Amino acid sequence: MVDSTFYEVRENVTLADVAKVTSATLTDENKKYEKIAHIATMASATQEDICFFYDRKKKENAAKIKAKACVTTEELKQFVPQNVIVLVSENPKVAFIKLNEYMYAQKKPSIGIDTTAKIAANAKIGQNCHIGANVVIEDNVEIGDNCIIEPNAVICHDCKIGQNCRIGSNTSIAYSIIGDNCYIYTGARIGFDGFGFQLMNYQHHRIPQLGRVIIGNDVEIGANACIDRGALDDTIIGDGCRIDNLVQIAHNDKLGRGCVVVAQVGIAGSCTLGDFVVLGGQVGLADHLNIGSGAQIAAQSGAMRDVEAGAVVMGSPCVPFKDFMRQVSFLQRNSKK
Amino acid sequence: MVDSTFYEVRENVTLADVAKVTSATLTDENKKYEKIAHIATMASATQEDICFFYDRKKKENAAKIKAKACVTTEELKQFVPQNVIVLVSENPKVAFIKLNEYMYAQKKPSIGIDTTAKIAANAKIGQNCHIGANVVIEDNVEIGDNCIIEPNAVICHDCKIGQNCRIGSNTSIAYSIIGDNCYIYTGARIGFDGFGFQLMNYQHHRIPQLGRVIIGNDVEIGANACIDRGALDDTIIGDGCRIDNLVQIAHNDKLGRGCVVVAQVGIAGSCTLGDFVVLGGQVGLADHLNIGSGAQIAAQSGAMRDVEAGAVVMGSPCVPFKDFMRQVSFLQRNSKK
Amino acid sequence: MVDSTFYEVRENVTLADVAKVTSATLTDENKKYEKIAHIATMASATQEDICFFYDRKKKENAAKIKAKACVTTEELKQFVPQNVIVLVSENPKVAFIKLNEYMYAQKKPSIGIDTTAKIAANAKIGQNCHIGANVVIEDNVEIGDNCIIEPNAVICHDCKIGQNCRIGSNTSIAYSIIGDNCYIYTGARIGFDGFGFQLMNYQHHRIPQLGRVIIGNDVEIGANACIDRGALDDTIIGDGCRIDNLVQIAHNDKLGRGCVVVAQVGIAGSCTLGDFVVLGGQVGLADHLNIGSGAQIAAQSGAMRDVEAGAVVMGSPCVPFKDFMRQVSFLQRNSKK
């Protein structure tokens, strides 16, 4: 149950509201004035709540639903107890998201610039922004309208941030150009030096890192994730990418649109990912690889070579998923002899 | 040798003091007024120091001890040189901890609220707290007695923190309820959005994350670790858990009591761990797994399926420890042919 | 092309300047007054740019160079198009670094102490330092000349930092002694408690962590990396080490000179690394290991035993590189039957 201490909760939501917001059909029109207090999981929903049922594998759990109402599909509604009011949806998961957005909201910080924020005289801050306590915004930074910059964030000189962005607390951003509607989570480190050096006389001499980080629109970068700027070229994160916590993206990497990079992935330098690539948690990519669009690399895998578009691979070094499973099974069978 | 620049060092500690503090027996009562200056390792202890010897495998090193005194067991004391004063303890490792606590202390920050801290008018701060420079404490936050909030930490609206807690510098905490006696290390990120989204028209649409993080009593969360809040349910960290640096714990994970999660572990969403589970460094768990109480998963292993209580497993995907060792040995033998 | 918004770009650089700075020989003296605007990659260089060609594998790309000038070797110059002005260098990669350093520079923050920095009265700050906004410097800290401490960094009591160091924004440093010419990146956590505890009556009792972190000269520690202080001994990072982002180094680890530790490596406690050890990304080392000088451990590998000096190993658990490749090939061949 969503805690109304932390979140704003809409009250007096009727099933008619639910039907409207989710484009679902209420199977019993007489119930349209019935109210629900909360969205809850199938297991925890009480007589005041609504739940969502869309995973056929959970049909046995469906029989135990105690909610007042349940949004499900035409096909699955047969598994819901008779006394639960059913709403039929073509896509209950999407309906779930829409009702969440309707019923709940995070509290937003107030518009304005905190008196303790330190903003360079020539920085440009858009309209309706919240700039939190102790934020540091250096020379020539430009921030678009409706942005939230949380406390103690540091935006270094010349960075540009688009509209409707949220920059988490204690985050550091340098040498970066960020599009609209991006959320950079707390503690992320964007645009610092790549890991480049040359051994000269038994000393690691630093190779100057002179590129930028270019982040498209609608991108999320997780907490404590690191994205190094390019060496000469730029590091590029395409529109719609979702980067999870503690990910490492090295200099000159280029991610296409909509890539999903799960927590603790490490991508070495100068890799190119196509669109909608999925990297499972803790995956590692060697440098200079091409990962084709739609490729999926399973968690903990390591790629030492290019991966073709659409391939599903696993293992370290990774191989096609079926081959990996065969290797696992071969080893288990044979090692026990 | 402990550096008295950084730590407070108790002076004039006699072997009688040591015996009392550690419940050890001084084998030569005539030596009870002898003083020791420091605790040191067996290898580095000098004629002014005391050392501890409890690992039988180090008996050859014991012969080289140069310390004034040594705490060891009845069984192991035979390996200590004659000129070293012996104290006999039933548990020298525990004795070691107790003497450390007696002889050394960290310097504590002074009680009070730094003038640069930004604390919401309706936040409640307990007695005897230290609130450091540039700390930001938002609306409705409650902090118990005797807490230390280090500089530049950010505690977001409505969070509750119990008594005797320490929140490290540059840490960010949101949507969280934290018990007593917890230590959240520097740079940890607690309570931010889980990694949840749904593909809709080739766009990753965010699934609202509306839960909390609930942390029990006597928990430690390491530096730069990330614990996402739940989506609808809560993320829960049980009493006495020890979470190391750079760990990722995803939305809806539930850890029982006393779990030990070593550095860089990644736990995907909706996993349930029993009590006293041990996850070695860099372990990865797939989502929705049940890991039974007392299970131990070796470093770098990956679990794709549930792990039974008490099991000891290794590998990616993990198998029982003995099976893993057999696989390793099988591969080594056969691949060389 | 380097973005002059972010970087200072030297103008009117002639090929004579390039020859002088890089110790290269201009093959056509008539071109010595020709100017170049930028350094660029072979692929992206335009008629105004200079590029560098030193990787024989790219000789086909060399034929497509559109740059005004190219620095290459005597041997490789034959692959460069006739209309590109060639400069011959004995080491074009070093030449590349030197020209980068000549043509480009980061903007430096101004010397001085920001009014919002909180510096203990008895701290000592060297000459020509920049201390950024909201920096916290506690009691007895000593910072050498020419240091840059970026905004929101926290330097805890008694730490010592040498000359010419740069401490990134939002970084936290405690119980540490740092040499000259070090760069600690944004968000790094240096000197906090190691992960040590003892189970007593079903509770994890903390083992006091009473050591320090000692960092040599010319060391870089990456963004969001964590280096725990020693328990009784110190954690030591030798001169010239390069530690990448998100690395975990545990209590009592001792790294020799010039070690290279790539992103997301985890080193458990009490390991000793020789000089110039290389750990690939996401490598894990068990505790108390000795890794000999010059050893190289490939990315994602895990070491459970000591590794000899000069060894090149791979796998988890790691084996000599050739053995690993044989294992991979054996598994692939045999599992498909």
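Two residues are in contact if their C-beta atoms, placed from the backbone, lie within 7 Å. Under that criterion, only 16% of the interface residues of chain C are also interface residues in chain B, so the copies meet through different surfaces.

The model is predicted: local features need pLDDT of at least 70 and side-chain atom pairs count only at pLDDT 80 or more, whereas totals for chains, interfaces and linings use all residues. Residues are numbered from 1 along each chain as its sequence is written, and chains are lettered from A and ligands numbered from 1 in the order in which they are written.

The contact between chains A and C draws 43 residues from chain A and 49 residues from chain C. On the chain A side, the elements that give two or more residues are β23 (189–192), β24 (197–200), β25 (203–206) and α4 (321–335). Helices (H or I, at least four residues) and strands (E, at least two) are DSSP runs, numbered from the N terminus. The chain A side divides into 19 nonpolar, 18 polar and 6 charged residues. Here Ala, Val, Leu, Ile, Met, Phe, Trp, Tyr, Cys and Pro count as nonpolar, Asp, Glu, Lys and Arg as charged, and the others, Gly among them, as polar.

Chain C superposes on chain B (RMSD 0.1 Å) by a rotation of 120 degrees with 0.0 Å of shift along its axis. That is the relation of a three-fold axis. The C-alpha of C:Asn170 is the nearest to the axis in chain C, 3.6 Å from it.

Key. Least-squares fit on C-alpha atoms with pLDDT ≥ 70 in both.
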